[in-house]
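We will begin with the ligand and then turn to the space inside the protein.

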Amino acid sequence: MTITVVGIIGYTGRMGQAIARSIESHPTAALCGGVTRKQTLSEQHENSPLIVTDNPEELFPHCDVIVDFSHPTVTPMFARIAAQHGKAFLSGTTGLEEEGYAVLKEVAEKIPVLHAANTSLSLAVTRRLVRQAAALLKDLDYDISILDKHHRWKKDAPSGTALTLGQSALEGNEGTHEPTYASIRSGAIVGEHDVLFSGAGETINIQHTVTDRKVFARGAVQAAVWLAAQKPGFYAMDDVLGV
Ligand SMILES: NC(=O)c1ccc[n+]([C@@H]2O[C@H](COP(=O)([O-])OP(=O)(O)OC[C@H]3O[C@@H](n4cnc5c(N)ncnc54)[C@H](OP(=O)(O)O)[C@@H]3O)[C@@H](O)[C@H]2O)c1
């Protein structure tokens, strides 16, 4: 059995810790360690088998795949370092600028890269439903409105997932109706998305709700194991699921 060795960027974060826990229960993944800027934490791990460090050069050589859930300003830099080490790179970080995506696509010529604003496995199905509804309503008088609800600490709005769902709607209707976006940041909501197709006197609501970030973590680990075995290229969750 091949074991895929994973390193996490954003190790101390909400997602980083959920992914570390998810790896513990995965039959073919093993955690190598993580990157943190917190010096004290890396000192605490000095005698631990995990490599917890502020220096990616100490961690990346020991991994098969790097999983990044950190901050959009640093994702491109970590992707370049992964490419220098020839390691697969999966990023779930949202809020990337166009230049950030350009870097991911550039390094995908050397290593397998996957970016997903939402690593929940059922979101791929939701996107497909949205695409289909938008295609069926393409010539009719419907507004498309996308609402995302997240916890108070989420930095980007609209969420990366909301933008992905909007992209699916545009693929379905070939650009006849542009979606509009609204975001709520409140309490500890993990992630909820509503895609409303509203006409005169009626609304279709396609809703995707995540109540536990384990869902994102599980999908991310499954995708990381899959990605480590791929050729260089730029991949999406649809490729992992074969949809
Ligand atoms: N794809 C998905 O399914 C999905 C699901 C949920 C969240 N997300 C996205 O994942 C990202 C992280 O979310 P989260 O809720 O885990 O956030 P979080 O709890 O704030 O954790 C982010 C971590 O990234 C690290 N970090 C932040 N800025 C950094 C920098 N400049 N350099 C190096 N490390 C840095 C921090 O680690 P240190 O302080 O230890 O350095 C922090 O622990 C966000 O973009 C979020 O939108 C994606």
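## The ligand and the cavity

In this predicted model, a backbone N or O atom of G92 lies 3.2 Å from a nitrogen atom of the ligand. A backbone N or O atom of A117 also faces a ligand nitrogen atom, at 3.1 Å. With T36 the side chain takes part: one of its N or O atoms is 2.5 Å from an oxygen atom of the ligand. Taken on its own, the ligand has 920 Å² of accessible area, and the protein covers 84% of that.

Here are these contacts side by side:

| Residue | Part of the residue | Ligand atom | Distance |
|---|---|---|---|
| T36 | side chain | oxygen | 2.5 Å |
| A117 | backbone | nitrogen | 3.1 Å |
| G92 | backbone | nitrogen | 3.2 Å |

Where does the ligand sit? Its place is the largest pocket. The shell around the ligand holds 22 residues, with T12, T36, R37, T94 and T119 the closest. By class, that shell contains 11 polar, six nonpolar and five charged residues.

How many cavities of 30 Å³ or more does a search of the whole structure find? The search finds one. The volume of the largest cavity is about 40 Å³. Its lining is formed by A134, L137, K138, Y142, I144, N173, H177 and F197. Sorted by class, the lining of the largest cavity comprises five nonpolar residues, two polar and one charged.

Terms used. Residues are numbered from 1 along each chain as its sequence is written. This is a predicted model: local features need pLDDT of at least 70, side-chain atom pairs count only at pLDDT 80 or more; totals for chains, interfaces and linings use all residues. Side-chain values use heavy atoms; hydrogens and water are left out. A residue is near a molecule or strand if one of its heavy atoms lies within 4 Å of it. A polar contact is a pair of N or O atoms within 3.5 Å; within protein, one must be able to donate a hydrogen and the other to accept it, and residues adjacent in sequence count only if both atoms are side-chain atoms. Accessible areas come from the Shrake-Rupley method with a 1.4 Å probe; for residues, only the protein chains shown count as cover. On a 1 Å grid over the protein atoms alone, a cavity is a set of points where a 1.4 Å probe fits but cannot get out, and a pocket is an open set with protein on both sides within 12 Å along at least five of seven lines; lining residues have an atom within 4 Å of a point. A molecule sits in a cavity or pocket if more than half of its atoms lie within 2 Å of its grid points. Ala, Val, Leu, Ile, Met, Phe, Trp, Tyr, Cys and Pro count as nonpolar, Asp, Glu, Lys and Arg as charged, and the others, Gly among them, as polar. Grid points are joined across faces, edges and corners, and a volume is the space filled by probe spheres set on the points.
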